[in-house]
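These are my notebook entries on one protein chain. I record what I looked up, entry by entry.

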Amino acid sequence: MNTTKTIMIIVVLSLFFTVSCSTAKKIDKNESIRSQASPCNPPDKLKIYELTKIYKKAEYHFIFWERLEGTLDWEAAYHEALPRVLATNSLFEYYLELWRFVALLRDGHTDMSFPASVWEDENLTASLTVAFGFINDQYIIDRVDESVIDIVKPGSIVHKINGVDIEEFIETNIYPYIWHEKKDSVGFWRLEFLRRWSIGHEAILEIEYEGKIETITLQRTVYSKNWVSLNNGVLPTDELRVVYESDSHTIAFTEDNIAVITIDTFFNYDLPSDFFANYSLLENAAGYIIDVRENGGGNSKNGDQVSAVFIGEDFTNQRALHRKHKIFDYFERLYRIPRNKYYEEYFLTIKISRLNIPGVLNAPLVVLSSRETGSAAETFLLNFDTTKRATIVGTASYGSTGQPIHINLKSGGSVRICTRWVTYPDGREFINIGIQPHIQIENSIEDLKNGVDAVMNKGLEEVRRQIDNQ
């Protein structure tokens, strides 16, 4: 899922910009940015070719056509997109229209990325001197540059931007280009959009702090590093003692011998061997917490091997569908292919005999999740939810997983298209829904102000309850 965050920022940056492919032209803050022409505007032949390529590749590979039946005519959408694409005057505007086209597929693993010449331009990386968060369905300011700390405080709630209700502003300006049915799962990109624009461009924010509402005006500038922030959920240092830390995972212990394992990515192929090597650190723990709240995915096999150490027996963790392009029965082919209902189905069973795991950890286990827990990290949650091995604490996960294919475009960017439809083994859906926690909890603004990680604390409370009940 979420493996292209840096690139995805550009979508939200790009709603109003036109830039040069090489050297950026300084743009007056009062000038219409969209009116600026780019010398790197792709030729019409290339635009037609790349739009058509995306259309055909999606038609052949995209897995969720059945979900869109009756709501999207893909061929008609292609014909509608063609004149808009040809009317663009810059590389940026061109990609913006490609984004609009791909967003019609309404999938969290189907999207575009911009050429480096667009997303490296300083006019697109300029940002406000505040950063945003999304907590309990409210937009807040969770970091503030030291230069504006006197006029805006971390923890302020944002109600409006440029005089428009913030939800309406986002609905109008971003959702036509980025889409996921589970809207809270695109929070990162929405928040970055609120920050980014061209250097010197102003934003008027209506904010609320401790019951007082005021309007402030901020300018976008070069990226700031002098942040004053809310204490983002760090437990007191005497609660956790770190005993192992690497690029693949961190292990810490509480005073009552509960192991807290943090895994922020499943892209690291050293994770299984590193984790297996730490088995002796973990085997005598009273209980376990695995924190994957910041894990946007990677390779499911890495997560499966860690899962097997806690589950311990062969287990089926998911049902998966792929497009089946070879149908040998003539009449079946006539019926299924025009209706986009030709799937190859299989059930994935994890065979621990093939993984060479060092042993099985049987003590009580809690897994922490959030809306940022996506892709391979959702498969990780599936492992524990289907086997009933762990209690999931936090918020529903991202709600999208599916082996996207990546297609590079000659104009410099790329597109990815979801090819895999995953469900629970019994057919229950979590795409666009998320894996639901057994205990629902989210850190509040006050939690962050006070340096309290309520989600972690609830996880520790649940592990201790289970230990006491053994």
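**Entry 1: helix H8.** I looked up the N-terminal end of H8 and found that Asp 165 caps it, with a side-chain oxygen 3.1 Å from the backbone nitrogen of Glu 167. I note that the model is predicted. Next I asked which residues of H8 are buried. I found Ile 166, Phe 169, Ile 170 and Asn 173. Seen down the axis of H8, these buried residues fall within an arc of 95°, so they line one face of the helix. I recalled the general rule that an α-helix has 3.6 residues a turn, so residues three or four places apart point the same way.

**Entry 2: Tyr 177.** I then followed the chain to Tyr 177, which is in the loop between helix H8 (166-173) and helix H9 (187-195). Is Tyr 177 buried or exposed? I read a relative accessibility of 10% for Tyr 177; the cut-off for buried is under 20%, so Tyr 177 counts as buried. I also looked for a polar partner and found the side chain of Arg 100, at 3.1 Å from the side chain of Tyr 177. Between Tyr 177 and Met 112 I noted a C-alpha to C-alpha distance of 9.7 Å, although 65 residues separate them in sequence.

**Entry 3: His 249.** I located His 249 in the loop that joins strand S9 (241-245) to strand S10 (250-253). His 249 counts as buried, because its relative accessibility is 1%. Its side chain makes a polar contact with the side chain of Ser 248, at 2.9 Å. Setting aside residues up to four places away in sequence, I listed what His 249 touches; among them are Tyr 244, Ile 261, Leu 271 and Phe 275.

**Entry 4: Tyr 244.** I turned to Tyr 244, one of the residues that His 249 touches, and placed it in strand S9. Tyr 244 has a relative accessibility of 21% and therefore counts as partly exposed. Its side chain makes a polar contact with the side chain of Ser 246, at 3.3 Å. Beyond four places in sequence, the contacts of Tyr 244 include Ile 251, Asp 274 and Leu 281.

**Entry 5: the whole chain.** Finally, I looked up the totals. The chain has 16 helices and 20 strands, and 56% of its 470 residues are buried. Of the contacts with a separation of 6 or more, 73% join residues 24 or more positions apart.

Definitions and conventions. Residues are numbered from 1 along each chain as its sequence is written. This is a predicted model: local features need pLDDT of at least 70, side-chain atom pairs count only at pLDDT 80 or more; totals for chains, interfaces and linings use all residues. Side-chain values use heavy atoms; hydrogens and water are left out. Helices (H or I, at least four residues) and strands (E, at least two) are DSSP runs, numbered from the N terminus. Buried means under 20% relative accessible area, exposed over 50%, partly exposed in between (1.4 Å probe, protein chains only). Contact means heavy atoms within 4.5 Å. A polar contact is a pair of N or O atoms within 3.5 Å; within protein, one must be able to donate a hydrogen and the other to accept it, and residues adjacent in sequence count only if both atoms are side-chain atoms. The arc is that of the directions from the helix axis to the C-beta atoms.
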